[in-house]
Amino acid sequence: MKKSIVQNFEIYSSNPPNRKNYFFIVGHNEEVRKFLSSIDIKEKNIVITSCCFSIPKKIIKKKNIFLCNPVKEWGRISFYDGCPYGFKFFITDAELNLYNSKYNLKNSDIEKIKFAYYKY
(Lines give C-alpha, C1' and ligand atoms only; values in the text may rest on other atoms or scores of the structure.)
Protein backbone atom coordinates (compact mmCIF):
# COMPACT_ATOMS: atom_id res chain seq x y z
CA MET A 1 0.00 0.00 0.00
CA LYS A 2 1.12 3.51 -0.79
CA LYS A 3 0.40 6.30 1.72
CA SER A 4 -0.12 9.89 0.65
CA ILE A 5 -1.87 12.95 2.03
CA VAL A 6 -4.37 14.73 -0.20
CA GLN A 7 -6.71 17.47 1.04
CA ASN A 8 -5.95 16.53 4.68
CA PHE A 9 -6.84 12.85 4.09
CA GLU A 10 -4.40 10.02 4.63
CA ILE A 11 -4.78 7.92 1.51
CA TYR A 12 -3.74 4.28 1.38
CA SER A 13 -3.94 3.00 -2.16
CA SER A 14 -2.63 0.06 -4.12
CA ASN A 15 0.87 0.53 -5.42
CA PRO A 16 0.84 0.12 -8.35
CA PRO A 17 -2.92 0.93 -8.57
CA ASN A 18 -3.72 -2.26 -10.49
CA ARG A 19 -1.89 -4.56 -8.04
CA LYS A 20 -4.56 -5.10 -5.40
CA ASN A 21 -7.08 -2.62 -6.78
CA TYR A 22 -8.42 -1.32 -3.43
CA PHE A 23 -8.84 2.25 -2.24
CA PHE A 24 -9.71 2.77 1.45
CA ILE A 25 -10.99 6.06 2.82
CA VAL A 26 -12.05 6.97 6.37
CA GLY A 27 -13.62 10.27 7.33
CA HIS A 28 -16.67 12.38 8.00
CA ASN A 29 -19.48 11.92 5.49
CA GLU A 30 -19.55 15.31 3.76
CA GLU A 31 -15.75 15.60 3.66
CA VAL A 32 -15.49 12.12 2.13
CA ARG A 33 -18.16 12.91 -0.48
CA LYS A 34 -16.39 16.13 -1.52
CA PHE A 35 -13.06 14.37 -1.64
CA LEU A 36 -14.36 11.51 -3.79
CA SER A 37 -15.92 14.06 -6.15
CA SER A 38 -12.66 15.92 -6.58
CA ILE A 39 -10.14 13.20 -7.41
CA ASP A 40 -9.66 10.47 -9.99
CA ILE A 41 -9.49 7.08 -8.28
CA LYS A 42 -7.66 4.45 -10.29
CA GLU A 43 -8.64 1.47 -8.15
CA LYS A 44 -11.80 -0.50 -8.99
CA ASN A 45 -12.86 -1.19 -5.37
CA ILE A 46 -13.53 1.69 -2.98
CA VAL A 47 -13.98 0.85 0.71
CA ILE A 48 -15.55 3.72 2.66
CA THR A 49 -15.68 4.02 6.45
CA SER A 50 -18.02 6.95 7.01
CA CYS A 51 -21.58 7.80 8.03
CA CYS A 52 -24.32 7.79 5.40
CA PHE A 53 -23.97 10.21 2.52
CA SER A 54 -24.74 10.42 -1.16
CA ILE A 55 -22.04 8.85 -3.27
CA PRO A 56 -21.06 10.87 -6.35
CA LYS A 57 -22.72 9.41 -9.46
CA LYS A 58 -19.46 9.43 -11.43
CA ILE A 59 -18.10 6.87 -8.95
CA ILE A 60 -21.17 4.63 -8.65
CA LYS A 61 -21.18 3.81 -12.35
CA LYS A 62 -17.53 2.77 -12.58
CA LYS A 63 -16.54 1.31 -9.22
CA ASN A 64 -17.43 -1.33 -6.66
CA ILE A 65 -18.37 0.59 -3.51
CA PHE A 66 -18.24 -0.97 -0.04
CA LEU A 67 -19.72 0.83 2.98
CA CYS A 68 -19.86 0.05 6.67
CA ASN A 69 -23.30 -0.54 8.16
CA PRO A 70 -24.65 2.57 9.85
CA VAL A 71 -26.85 2.51 12.93
CA LYS A 72 -30.27 2.75 11.28
CA GLU A 73 -31.83 5.20 13.71
CA TRP A 74 -29.17 7.85 13.13
CA GLY A 75 -27.50 7.02 9.83
CA ARG A 76 -24.18 7.10 11.65
CA ILE A 77 -21.60 4.45 12.28
CA SER A 78 -20.60 3.26 15.73
CA PHE A 79 -16.98 3.54 16.77
CA TYR A 80 -15.04 2.60 19.86
CA ASP A 81 -11.81 3.33 21.63
CA GLY A 82 -9.39 1.10 19.76
CA CYS A 83 -6.91 0.64 22.62
CA PRO A 84 -8.59 -2.47 24.10
CA TYR A 85 -8.34 -4.03 20.64
CA GLY A 86 -4.70 -3.06 20.12
CA PHE A 87 -5.29 0.04 17.97
CA LYS A 88 -4.25 3.61 18.70
CA PHE A 89 -7.33 5.15 17.06
CA PHE A 90 -11.10 4.98 17.24
CA ILE A 91 -12.29 1.92 15.34
CA THR A 92 -15.61 0.89 13.78
CA ASP A 93 -17.37 -2.47 13.74
CA ALA A 94 -16.54 -2.83 10.05
CA GLU A 95 -12.84 -2.23 10.64
CA LEU A 96 -12.80 -4.72 13.51
CA ASN A 97 -14.56 -7.29 11.32
CA LEU A 98 -12.09 -6.68 8.49
CA TYR A 99 -9.12 -6.99 10.85
CA ASN A 100 -10.49 -10.18 12.43
CA SER A 101 -11.21 -11.71 9.01
CA LYS A 102 -7.45 -11.90 8.35
CA TYR A 103 -7.37 -15.00 10.53
CA ASN A 104 -9.45 -16.86 7.97
CA LEU A 105 -6.66 -17.34 5.43
CA LYS A 106 -8.87 -19.26 3.01
CA ASN A 107 -10.77 -16.11 2.04
CA SER A 108 -9.58 -13.71 -0.63
CA ASP A 109 -9.18 -10.00 0.10
CA ILE A 110 -12.48 -9.16 -1.59
CA GLU A 111 -14.31 -11.84 0.44
CA LYS A 112 -12.92 -10.31 3.63
CA ILE A 113 -14.12 -6.86 2.57
CA LYS A 114 -17.57 -8.26 1.72
CA PHE A 115 -17.68 -9.86 5.19
CA ALA A 116 -16.94 -6.58 6.97
CA TYR A 117 -18.69 -4.06 4.69
CA TYR A 118 -21.74 -4.17 2.49
CA LYS A 119 -21.66 -3.63 -1.25
CA TYR A 120 -23.51 -0.51 -2.32
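The buried residues of helix α5 are covered by elements that include β3, β4, β5 (64-67) and α4, where cover is judged by contact, that is, heavy atoms within 4.5 Å. Helices (H or I, at least four residues) and strands (E, at least two) are DSSP runs, numbered from the N terminus. The structure is a predicted model, in which local features need pLDDT of at least 70 and side-chain atom pairs count only at pLDDT 80 or more, while totals for chains, interfaces and linings use all residues. Residues are numbered from 1 along each chain as its sequence is written, and side-chain values use heavy atoms, with hydrogens and water left out.

Within α5, the buried residues are Lys112, Ile113 and Ala116. Viewed down the axis of α5, these buried residues fall within an arc of 100° and therefore line one face of the helix; the arc is that of the directions from the helix axis to the C-beta atoms. Lys114 and Phe115 are exposed on the other side of α5. Buried denotes under 20% relative accessible area, exposed over 50%, and partly exposed in between (1.4 Å probe, protein chains only).

Helix α4 (residues 93-101) has Ala94, Glu95, Leu96 and Ser101 as its buried residues. The cover over the buried residues of α4 includes β3 (22-26), β4 (45-49), β6 (79-81), β7 (90-92) and α5 (109-116). Strand β7 contains Thr92, which counts as buried because its relative accessibility is 5%. When residues up to four places away in sequence are not counted, Thr92 touches Thr49, Ile77, Ser78 and Phe79.

On the surface, Ile60, Tyr118 and Tyr120 form a nonpolar patch with about 280 Å² of accessible area together. Patches are made of residues with over 30% relative accessible area and no salt bridge, with like charges joined within 9 Å and nonpolar side chains (Val, Leu, Ile, Met, Phe, Trp, Tyr) within 5 Å. A salt bridge is a side-chain nitrogen of Lys or Arg within 4 Å of a carboxyl oxygen of Asp or Glu. Accessible areas come from the Shrake-Rupley method with a 1.4 Å probe, and for residues only the protein chains shown count as cover. Tyr118 is located in strand β8 (residues 118-119) and counts as partly exposed because its relative accessibility is 32%.

With a disulfide defined as a pair of cysteine sulfur atoms within 2.5 Å, the count comes to 0 disulfides. Cys68 is in no disulfide, and the nearest cysteine sulfur, that of Cys51, is 7.5 Å away. At 4% relative accessibility, Cys68 is classed as buried, whereas Cys83, with a relative accessible area of 52%, is exposed.
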